[in-house]
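Visitor: Please show me the structure, and then let me ask what stands behind each label.

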Amino acid sequence: MSTEQLPEHPEFLWRNPEPKSSYDAVIVGGGGHGLATAYYLAKNHGMTNIAVLEKGWLAGGNMARNTTIIRSNYLWDESAAIYEHALKLWEILPEELEYDFLFSQRGVMNLAHTLGDVRESMRRVGANQLNGVDAEWLDPQQVKELCPILNINDNIRYPVMGATYQPRAGIAKHDHVAWAFARKCDELGVDIIQNCEVTGFLKDGNRVVGVKTNRGTIHTEKVGLCAAGHSSVLAEMAGFRLPIQSHPLQALVSELHEPVHPTVVMSNHVHVYVSQAHKGELVMGAGVDSYNGYGQRGSFHVIEHQMAAAVELFPIFARAHVLRTWGGIVDTTLDASPIVGTTPVENMFVNCGWGTGGFKGTPAAGLTFAHTIATGTPHTLNKAFALERFETGALIDEHGAAAVAH
Amino acid sequence: MLLISCPNCGPRDETEFHYGGQAHVPYPENPNALNDKEWAQFLFYRDNTKGIFAERWLHSTGCRQWFNMLRDTLTYDIQAIYPMGTPRPDVTVPAAAESGTASTAADSTTTGDSAPSISASSIAPAATPASATAPKGATK
């Protein structure tokens, strides 16, 4: 394994148009999910007179802040279906978007540290296999063979008792993913409008008919919200509530190192997940901060806790230097599953609640949300992820597979 | 990292506390009368305020007592701490005055190094515009 060559830094890949006075549909949020939604609206549903509104710069929110892990080893049928569909799309997207965003299927391990973890993990491997998701159970020796720098001694606080392994999982270059979608959207005629903050909605009775922004009012027949941590703020403007709590989630990178980490290792129990980026940084994510927060920063003790776990699992990290830490705002739900569907406001649709794992879901979120917006009814893959599940009680509890405790 | 002033123990590090989410969410008075929609609101829906938020905290490794706190979820500034069971204090007026005096103090210390006499004289005229702009920020 050698350090990989990154593609040249791209030229401008999309126009920066002035907002028009009206569009057939407006997507609020120019991150991965918003761009993917616009792409599939244009490609699958022929809706090209649409705009993506981004209050800051393109893909500068959670799309720029996540740890880029892609996997589909979720427990329940509904989750396995949508995440596995996303993984299959990831496998074809570089060719479809004509942009190599370095999707590297280097496998993902989810470590088990307690007997409870072991039982839960084996159950998940079984469930995955029944759902056609590649998954296997590794004993500690097999874990060591796949990732030699992992400490599998049994004299540590949380010894490695095994791991689930999904070989087709991996990582991708998150910025390039956003740019790939943005370029295709632009080619298809979608207006990507940056520095355009939504400040309110125009409604005719209970039907949304437009969007108020800091760059003027835009009339539209349909609005799709893809604002992750700020979804509740937009919903409040539109006059409804979401069962979302926004929390800070932190991550960090080390200085560049020679390739030492061949796969992705996640540990639900000790709250750290680690991979090595293509350039050589060790990328590590933490657990969420406990309190609600919109500050894109969290508390230091969370980082300290995460580093303690990382150094115990990977003793060679002890001498590595932290280069940069940061935080994003994650939109968590009580069942750790996303909300993709209709809202109490007519012609307004919401895609949120992906919480700590939205990056991996990007293509499937886009595909199913575009279908929902275009047809007014959910795609088979996102039907179960409707807001109504909080009233019917048909929750999709993925706290075990979500990897980041919240 | 938050420094939280426990009403019983004084200022302590955030790691001593446990977060309890939104405050002032009463158990339904007549649970049997609720329909599924209303139950969902009670069970799963909480405010997710960007700005000043009333929330519960437990001093779990100290006095083990619950209390309420007003905190700005954007700046993480703690605005007020008050006992469980008491109504949410109105911090808009005191907070405006507080931030007004705080900003004046900051001005006087930062400009104080170079020209203490000028900064001292600038405090008086600056006080009026500072207090006039403070409520604008507070109502955001």
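Guide: Start with one residue of this predicted model: leaving aside residues up to four places away in sequence, Leu87(A) touches Ile70(A), Ser72(A), Phe103(A), Gln105(A), Gln166(A) and Arg168(A). Contact means heavy atoms within 4.5 Å.

Visitor: What conventions apply to the numbering and the model?

Guide: Residues are numbered from 1 along each chain as its sequence is written, while chains are lettered from A and ligands numbered from 1 in the order in which they are written. The model is predicted, with local features needing pLDDT of at least 70, side-chain atom pairs counting only at pLDDT 80 or more, and totals for chains, interfaces and linings using all residues; side-chain values use heavy atoms, without hydrogens and water.

Visitor: Why is Leu87(A) called buried?

Guide: Buried means under 20% relative accessible area, exposed over 50%, and partly exposed in between, with a 1.4 Å probe and protein chains only. Leu87(A) has 1% relative accessibility, so it counts as buried. By that label, 61% of the 406 residues of chain A are buried, and 31% of the 140 residues in chain B.

Visitor: Where in chain A does Leu87(A) lie?

Guide: Leu87(A) lies in helix H2, residues 77–96. Helices (H or I, at least four residues) and strands (E, at least two) are DSSP runs, numbered from the N terminus. Chain A has nine helices and 18 strands, and chain B has three helices and six strands. The order in chain B, from the N terminus on, is β-β-β-α-β-β-β-α-α.

Visitor: How do you know that the radius of gyration of chain A agrees with a compact globule?

Guide: The radius is taken over C-alpha atoms, and the globule rule is 2.2 Å times the number of residues to the power 0.38. For 406 residues the rule gives a value near 22 Å; chain A has 21 Å, therefore the two agree. The C-alpha atoms of chain A fill a box of roughly 65 × 50 × 40 Å along the principal axes.

Visitor: What is in contact between chain B and chain A, and how much area do they bury?

Guide: In contact are 24 residues of chain B and 27 residues of chain A. About 2300 Å² is buried between the chains, 51% of it on carbon and sulfur atoms. Phe44(B), Tyr45(B) and Asn48(B) lose the most area in chain B to chain A, together 32% of what that side buries. Buried area is the accessible area (1.4 Å probe) that two parts lose on being put together, summed over both.
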